[in-house]
Amino acid sequence: MFTEFCEGGSLDKLMFDSDEAMSVNQIHFVINQVLSALVYLHEKLKFVHHDVRAANILVTSEGNIKLSNFSLAAKKSDRFASNKGTYSFKESPNWMPPEIA
């Protein structure tokens, strides 16, 4: 899988390198873009990303958002059917929901 070069870097780097907090409008934009990507993955491709976090959200030079790092991604049926509702995949613990971590 390939993605375009995202000159802005990762969202976590941008947040840590900045002296200012993101504005509400910036946060809203990022969340909408990420959710649009996840809806596409879930509904159209039937994939689950499994590692959504600021380090895996890239920013293009135009300010658009791209989801990256699909190393833990899987078809919905692969993991959910075989685990019968349990979670056995390895994610980043700091970014996992507390009911799974």
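Which residues make up the largest nonpolar core of the protein? The core has ten residues in all: Leu 11, Val 30, Val 34, Leu 38, Leu 41, Ala 54, Ile 57, Val 59, Ile 65 and Leu 67. A nonpolar core is here a set of buried Ala, Val, Leu, Ile, Met, Phe, Trp, Tyr and Cys residues joined through side-chain atoms within 4.5 Å. Buried means under 20% relative accessible area, exposed over 50%, and partly exposed in between (1.4 Å probe, protein chains only). Helix α2, with four residues, gives the most to this core, while α2, β3 and β4 each supply at least two.

The model is predicted: local features need pLDDT of at least 70, side-chain atom pairs count only at pLDDT 80 or more, and totals for chains, interfaces and linings use all residues. Residues are numbered from 1 along each chain as its sequence is written, and side-chain values use heavy atoms, with hydrogens and water left out.

The protein has three helices and five strands, which follow the pattern β-α-α-β-β-β-β-α along the sequence. These elements are DSSP runs, numbered from the N terminus (helices: H or I, at least four residues; strands: E, at least two). Of the 101 residues, 28% are buried.

Helix α2 covers residues 24–44. Its 21 residues should span 30 Å at 1.5 Å a residue, and the 29 Å between its end C-alpha atoms agrees with this; the expected span is 1.5 Å times one less than the number of residues. Within α2, Val 30, Val 34, Leu 38 and Leu 41 are buried. These residues lie on the same side of α2, because they cover an arc of only 60° around the axis, the arc being that of the directions from the helix axis to the C-beta atoms. An α-helix has 3.6 residues a turn, so residues three or four places apart point the same way. The face turned away from the buried side carries the exposed residues Val 24, Asn 25, His 28 and Lys 44. Cover for the buried residues of α2 includes α1 (11–17), β2 (47–48), β3 (57–59) and β4. Just after α2, Lys 46 takes a positive phi of about 60°.

Strand β4 (residues 65–67) contains Leu 67, which is buried with a relative accessible area of 13%. Leaving aside neighbours within four places in sequence, Leu 67 is in contact (heavy atoms within 4.5 Å) with Ala 37, Leu 38, Leu 41, His 49, Asn 56 and Ile 57. Ile 57 in turn touches residues including Leu 11, Val 34, Ile 65 and Leu 67.
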